[in-house]
Amino acid sequence: MTLPGVLLLDAAGPEAGALARAAAARGHRVHAATTAAACSGYGPELKGLLAGHIVTDFARPGRALDEIAAYARRHGVGAVLTVNEYLTELAAYLCAELRVPGNDPGRARAARDKAAMAKAFAAAGVRAPHTVLVRDDAGLRAALTDPQVGFPCVIKPLSGAGSAGVTVVTGPAGVAAAADAARATAGMYDSGADPRVLVQAYAAGTEYSVESLTQDGTTTHLAVTRKQLTDGTTRVETGHSLPVHLPPAMEANVYREAAAAIRAAGIRHGASHTEVIVDTDGRCTVIEIGARLAAGQIGVLIQHALGLDIWTALLDAALARPAALAPTAHRYATVRFITSDRAGRLTSVCGFPTTGPGVPFVRWRAAIGSLVHEPGANSHRLGSFVVTGTDANEVEERADALVRRVRIHVEPTSPNTGQVRPASTSAIAP
Ligand SMILES: Nc1ncnc2c1ncn2[C@@H]1O[C@H](COP(=O)(O)OP(=O)(O)OP(=O)(O)O)[C@@H](O)[C@H]1O
Ligand SMILES: [Mg+2]
């Protein structure tokens with residue numbers, strides 16, 4: 001019997017690579033829909049796994065849909081997956097077009113465009129920050145006088161990701177720069193900056209995410225993840241830890257809001273990542289939802305802490321086969337992201353861990369000589385590593401100790417020329 005083909009929308013990155021490996025190991029022919037630029041960066045292992053690919057332009061989703069659907073029909077594709085946040089809506093439309101298991105295309109925008117998300121959450125009664133869509137400066141001034149917003153508030157782009165262009169604004173002085181940052185942040189396949197921004201009430205509390213897998217409309221919450229973030233006006237993730245065991249009433253509350261968000265975003269077959277903030281009274285506010293497995297090595301954490309083959313589970317969900325989701329391990333896992341505390345040229349790195357017992361994953365991605373940034377978005381991460389173990393506190397302590405050993409040297413560059421200035425500095429990654 002010929003197994004259905006599996007199509008990945010954008011096969012770049014470690015998560016897509018893991019999916020491709022899982023599908024190929026099961027005997028599926030794996031295909032990729034990709035842009036010309038992304039395709040040229042595919043490494044030999046991925047190329048060896050792919051039975052074929054189609055080059056398309058994701059910036060023109062209507063045309064991409066037609067082209068990919070025609071390709072998928074020719075190649076007997078029976079499952080479509082993506083781990084690229086920007087392609088989840090296209091994936092839903094493609095699944096509907098091909099009549100393969102997928103999310104509701106009519107609702108899929110809600111997991112991609114934060115204005116649509118706020119509307120869908122409000123309509124479905126999901127507890128979420130009050131959100132005002134602002135089109136110009138007059139709208140911005142009006143939003144800031146809205147009693148449901150106030151200061152602090154959050155100004156963010158509609159279709160960004162990775163925390164780019166998101167600012168926590170504590171008073172009127174920070175508004176103009178925050179709005180400019182949000183307007184200047186275009187989504188991965190957007191043609192240009194968007195003059196519209198969102199102004200959102202600030203939700204105070206502790207930030208978590210809920211990692212879930214929905215199969216034929218039934219959701220299993222796999223884990224709650226605690227997020228470690230920078231403080232201040234930009235909130236950039238510095239680490240994730242899972243599983244977090246919340247008090248039962250709080251956990252029930254968090255799962256209820258996550259499930260409501262999953263329904264509101266039309267997620268029927270596949271992973272989701274719901275970001276929430278829980279305040280001191282246990283109230284849970286949903287910040288956003290993604291119709292995909294979480295990025296930032298959360299898949300690796302699930303694999304090592306819970307003993308789940310998350311990649312095969314995602315494949316099963318996309319094929320509408322029952323996925324094995326019962327944990328086979330009861331461990332803890334955490335990831336740390338290494339960033340530079342200053343902008344400049346990276347001249348050396350030492351002390352970055354290697355894989356070994358309790359450190360199953362390391363990834364360094366910044367080349368020596370490349371320009372690095374102060375942490376303003378997730379794309380400014382230089383590297384990451386995962387620590388696992390049987391005791392949650394020991395895992396955190398070990399990860400923190402490993403972070404302290406990492407030393408990076410960054411030469412400041414002249415703001416205008418990008419030339420290295422003579423003074424040399426050293427930085428310890430946070
Ligand atoms: N309304 C809010 N109240 C409090 N904090 C917020 C709010 N909105 C955003 N944040 C903070 O800013 C971070 C980034 O915001 P958001 O998740 O909306 O952007 P993003 O670009 O989708 O980020 P990512 O892709 O990293 O999840 C959040 O994780 C949170 O720490
Ligand atoms: Mg987020």
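Predicted model: local features only at pLDDT ≥ 70, side-chain atom pairs only at ≥ 80, totals over all residues.
Residues are numbered from 1 along each chain as its sequence is written, and chains are lettered from A and ligands numbered from 1 in the order in which they are written.

The protein chain is assigned domain 1 (5-100), domain 2 (130-201), domain 3 (203-330) and domain 4 (333-428), with bounds that come from an automatic or database domain assignment. Taken over C-alpha atoms, the centres of domain 2 and domain 4 are separated by 29 Å.

Two glutamates, Glu275 and Glu288, coordinate the magnesium ion (ligand 2) through OE atoms at 1.9 to 2.0 Å; donors here are N, O and S atoms within 2.8 Å of the metal (3.2 Å for Na, K and Ca), and the site may look incomplete because water is not among the atoms. The pair links distant parts of the chain, since Glu275 belongs to strand S12 (residues 270-278) and Glu288 to strand S13 (residues 284-290), 13 residues apart; strands (E, at least two residues) and helices (H or I, at least four) are DSSP runs numbered from the N terminus. Glu275 counts as buried because its relative accessibility is 8%, and Glu288 counts as buried because its value is 15%, where buried means under 20% relative accessible area, exposed over 50% and partly exposed in between, with a 1.4 Å probe and protein chains only.

Strand S12 also holds Thr274, which is buried, with a relative accessible area of 0%. Leaving aside neighbours within four places in sequence, Thr274 is in contact (heavy atoms within 4.5 Å) with Tyr208, Ser209, Val210, Ala258, Ala261, Ile262, Val286, Glu288 and Ile289, a list that includes the metal ligand Glu288.

Helix H10 (residues 298-306) is mostly covered, with 7 of its 9 residues buried, namely Ile298, Gly299, Val300, Leu301, Ile302, Ala305 and Leu306. After H10 comes Gly307, whose phi is positive, near 70°.

In strand S2 (residues 30-34) lies His31, which is buried, with a relative accessible area of 1%. His31 and His53 are 22 residues apart in sequence but 5.2 Å apart in space, C-alpha to C-alpha. Beyond its neighbours within four places in sequence, His31 is in contact with Val6, Leu7, Leu8, Leu50, Ala51, Gly52, Tyr71, His75 and Val77.

On a 1 Å grid over the protein atoms alone, a cavity is a set of points where a 1.4 Å probe fits but cannot get out, a pocket is an open set with protein on both sides within 12 Å along at least five of seven lines, and lining residues have an atom within 4 Å of a point. Grid points are joined across faces, edges and corners, and a volume is the space filled by probe spheres set on the points.

The second largest pocket has a volume of about 460 Å³ and a lining of 23 residues, of which Pro61, Tyr86, Glu89, Arg109 and Asp190 lie nearest its centre. Helix H4 (61-74) and helix H5 (88-98) are the elements that give two or more residues to this lining. Domain 1 and domain 2 both contribute to the lining, so the second largest pocket lies between them.

By the cavity rule there are 3 cavities of 30 Å³ or more. The largest cavity holds about 260 Å³ of space and is lined by 21 residues, with Val80, Thr82, His269, Gly270 and Ala291 nearest its centre. Strand S4 (77-81), H5, S12 and helix H11 (310-318) each supply at least two lining residues, and the largest share, 4 residues, comes from H5. Because domain 1 and domain 3 both give residues to its lining, the largest cavity lies between them.

The second largest cavity holds about 70 Å³, and its lining includes Lys114, Phe121, Lys156, Gln200, Val286 and Ile287. Helix H6 (114-124) and S13 are the elements that give two or more residues to this lining, with H6 providing the largest share, 4 residues.

Conventions
Heavy atoms only, no water.
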